[in-house]
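I opened this model to look through its side-chain packing. My notes are below, in the order I went.

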Amino acid sequence: TFAHKAVEIRQPLSDFLAENISMFNYLFNLRKVESLFSFKNESIHLVLDSKNSLSEFASMFKGVSGDKFWKLHPHLKKTKNVPGFIMIDNALPSEILLIHLSSIAKIIYVYHFKTSTATENYIKNKNIIFKRLYWTV
């Protein structure tokens, strides 16, 4: 239904993504992403990193319970592993990832820099909590 033309979205982006999640599952292989989660804990901690900050912020999460994931911004081409975190493919749009996760996890904490403010403004869900990261330099 979306082939070869732009489609105006006339509803909140969260609703559009949720209604079309099966199409996005097919396009982005969300089941593969889902297989990375342990679900031993009911919370997920996701860092949306737009600065390739890695070690500067990874230490903040020592001792935090729940699954921990790190996703670089799509403009960052070099992916490094962050100790204690599972890396998420940076080509996967954060908005789609969050809508999918919100259907399978009790609570998702999303840590981001100001550059991810659009994601926070577009995705409204009762089990997603956004927390801003700040540079101290």
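These entries go through the cores, the aromatic rings, a surface patch and charge pairing.

Ground rules. This is a predicted model, so I note that local features need pLDDT of at least 70 and side-chain atom pairs count only at pLDDT 80 or more, while totals for chains, interfaces and linings use all residues. Numbering runs from 1 along each chain as its sequence is written, and side-chain values use heavy atoms, with hydrogens and water left out.

Cores. I looked up nonpolar cores (buried Ala, Val, Leu, Ile, Met, Phe, Trp, Tyr and Cys joined through side-chain atoms within 4.5 Å). Buried here is under 20% relative accessible area, exposed is over 50%, and partly exposed is in between, with a 1.4 Å probe and protein chains only. The largest core has 21 residues, and Leu17, Leu98, Ile108, Val110, Ile123 and Ile128 touch the most other members. I find at least two of its residues in each of α1 (13–19), β1 (43–49), α5 (94–102), β4 and β5 (128–132); helices are DSSP runs of H or I, at least four residues, and strands runs of E, at least two, numbered from the N terminus. The largest share, five residues, is from α5. Another core lies apart from this one, with 13 residues, including Ala58, Leu72, Leu76 and Met87.

Rings. I searched the whole structure and got four aromatic pairs (ring centres within 6.5 Å for Phe, Tyr and the six-membered ring of Trp; planes under 30 degrees apart are stacked, over 60 edge-to-face, the rest tilted). Phe61 and Phe85 have ring centres 5.4 Å apart and planes at 85°, so I call the pair edge-to-face. Phe61 sits in the loop between α4 (55–58) and β2 (67–72) and Phe85 in the loop between β2 and β3 (86–88), so this pair ties together parts 24 residues apart in sequence. Phe61 also pairs edge-to-face with Tyr111, at 4.7 Å centre to centre and 80° between the planes. That pair spans 50 residues, with Tyr111 in strand β4 (residues 107–112). Phe61 is buried at 3% relative accessible area, and Tyr111 is buried at 10%. Ring pairs join Phe61, Trp70, Phe85 and Tyr111 into a cluster.

Surface and charge. Leu27, in helix α2 (residues 21–28), is exposed at 53%. How many salt bridges did I get (side-chain nitrogen of Lys or Arg within 4 Å of a carboxyl oxygen of Asp or Glu)? I got one. Arg10 bridges to Glu8, with the closest N and O atoms 3.5 Å apart, and both residues are exposed.
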